[in-house]
Amino acid sequence: MRLYFEPYELQLKYPFRIADYTRTSTPLILTRIEHEGFTGYGEASMPPYLGENTETATRFLSKIRLDDFSEPDIAGIMASIDEIDSGNNAAKASIDIALHDLLGKMKNKACYELMGSDPSKMPATSITIGIDTEELIRKKLEECEKFNFIKVKLGSENDHAIIHTIRKFTQKPIYADANRGWGNKEHAIRMIEFLHEQNCLFVEQPLAVDREKDMIWLKSRSVLPLFADESCKRLKDMEGIKEQFHGINIKLMKSTGLLEAKKMIDLAGNSGLTVMIGCMSETSCGIMAAAAIAPFAKYADIDSPWMITNNPFKQPELSGGKIQLPDKPGLGITPETK
Ligand code: MG
């Protein structure tokens with residue numbers, strides 16, 4: 001098996017503003033694994049706040065020797081690359097995703113079949129509205145007509161104004177993401193009550209990761225389900241999550257890919273934690289990998305193909321606000337011809 005990879009700068013349709021920073025593009029590494037005439041595609045998406053970048057991923061991927069493996073033994077390969085170095089979760093995901101695409105193509109099976117998910121259980125995906133002016137929020141909502149749920153990034157002093165602005169234009173249910181931006185638990189509980197009145201369905205990551213005691217306090221009082229995002233990256237982070245949150249937001253770029261994401265889904269099911277599947281700024285490649293396991297989740301927030309301008313793969317199909325899983329081997333993605 002041969003691994004190829006190259007950097008790619010993913011351009012965002014609108015500047016992306018969340019609680020603590022703004023950006024207009026996201027660095028990716030696009031991977032390709034070739035074996036016996038088949039090609040599997042993968043990607044690493046590296047928003048700066050997670051600590052990986054083109055240099056760290058290139059250094060990490062350069063250490064991987066796939067020629068030692070004669071077949072896509074995903075569990076064996078992922079265990080071996082986990083031993084190379086800790087961290088590098090997105091770089092690891094770029095291998096896992098490419099291996100699943102490759103294996104699906106070799107077995108003539110769709111990735112959702114490999115993962116054992118049922119396409120008819122696909123949840124609708126939300127579409128994210130960043131922190132913006134009233135005019136831009138109105139324009140974005142018009143563009144997002146075909147989505148049934150709105151995801152809103154909160155955590156600034158303008159939170160009430162943003163929600164009131166959105167409610168001027170649409171009554172669609174909202175997924176709220178505070179992105180660690182609320183300074184204390186008292187403010188958080190007041191915000192949650194306000195969001196509850198505004199038909200928000202849940203709140204993601206209200207407080208900073210190290211505020212475990214405050215999260216336990218918050219969970220016992222919250223009228224809305226609370227989801228861990230930054231507080232829960234990999235399987236090992238799930239310890240203690242149940243006390244603080246009602247659910248977890250699983251993203252392939254945090255979990256090191258599909259293999260571990262599925263283990264997290266299974267553990268969540270056994271622990272009574274609700275699952276949502278989320279994403280970073282990703283191409284159709286990462287999104288269709290996430291979509292392959294999204295039917296296991298109650299909520300999906302896998303909207304990035306609609307928020308970028310230079311997707312190197314064809315756009316996923318959407319029907320009734322749900323990403324359609326194509327009946328094709330592997331991820332079912334097609335590179336755009338240049
Ligand atoms: Mg989040």
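At 59% relative accessibility, Asn108 counts as exposed, where exposed means over 50% relative accessible area, buried under 20% and partly exposed in between, computed with a 1.4 Å probe on protein chains only. Asn108 lies in the loop between helix H3 (89-107) and helix H4 (111-115), helices being DSSP runs of H or I with at least four residues and strands runs of E with at least two, numbered from the N terminus. The phi of Asn108 is near 55 degrees, a positive value in a residue other than glycine. Most residues other than glycine have a negative phi. Glu36 likewise has a positive phi, of about 50 degrees, although it is not a glycine; Glu36 is placed in the loop between strand S2 (21-35) and strand S3 (38-45) and, at 59% relative accessibility, counts as exposed.

The model is predicted, so that local features need pLDDT of at least 70 and side-chain atom pairs count only at pLDDT 80 or more, whereas totals for chains, interfaces and linings use all residues. Residues are numbered from 1 along each chain as its sequence is written, and side-chain values use heavy atoms, with hydrogens and water left out.

The magnesium ion is coordinated by Asp177 (OD), Glu204 (OE) and Asp229 (OD), at 2.1 to 2.2 Å. Donors are N, O and S atoms within 2.8 Å of the metal (3.2 Å for Na, K and Ca), and since water is not among the atoms, sites may look incomplete. Along the chain, the donors of the magnesium ion follow the spacing D-x26-E-x24-D. Asp177 lies in strand S6 (residues 174-177) and Glu204 in strand S7 (residues 200-204), so the pair ties together parts that are 27 residues apart in sequence. Both Asp177 and Glu204 are buried.

In helix H2 (residues 74-84), the residues Ile74, Ile77, Met78 and Ile81 are buried. These residues cover an arc of only 95 degrees around the axis, which puts them on the same side of H2; the arc is that of the directions from the helix axis to the C-beta atoms. The buried residues of H2 pack against helix H1 (54-62), H3 and helix H11 (258-271), contact meaning heavy atoms within 4.5 Å. Within strand S2 lies Thr24, which at 48% relative accessibility counts as partly exposed. Not counting residues up to four places away in sequence, Thr24 touches Leu10, Gln11, Leu12 and Pro15; Thr24 and Leu10 are 14 residues apart in sequence and 8.8 Å apart in space, C-alpha to C-alpha.

The largest pocket has a volume of about 490 Å³. Of the 35 residues that line the largest pocket, the closest to its centre are Phe16, Thr128, Asp303, Ser304 and Met307. On a 1 Å grid over the protein atoms alone, a pocket is an open set of points with protein on both sides within 12 Å along at least five of seven lines, a cavity is a set where a 1.4 Å probe fits but cannot get out, and lining residues have an atom within 4 Å of a point. Strand S1 (2-18) gives the most to the lining of the largest pocket, with seven residues.

A search of the whole structure finds one cavity of 30 Å³ or more, and the largest cavity has a volume of about 40 Å³, a volume being the space filled by probe spheres set on grid points joined across faces, edges and corners. Residues lining the largest cavity include Ala110, Cys111, Tyr112, Met288 and Ala292.
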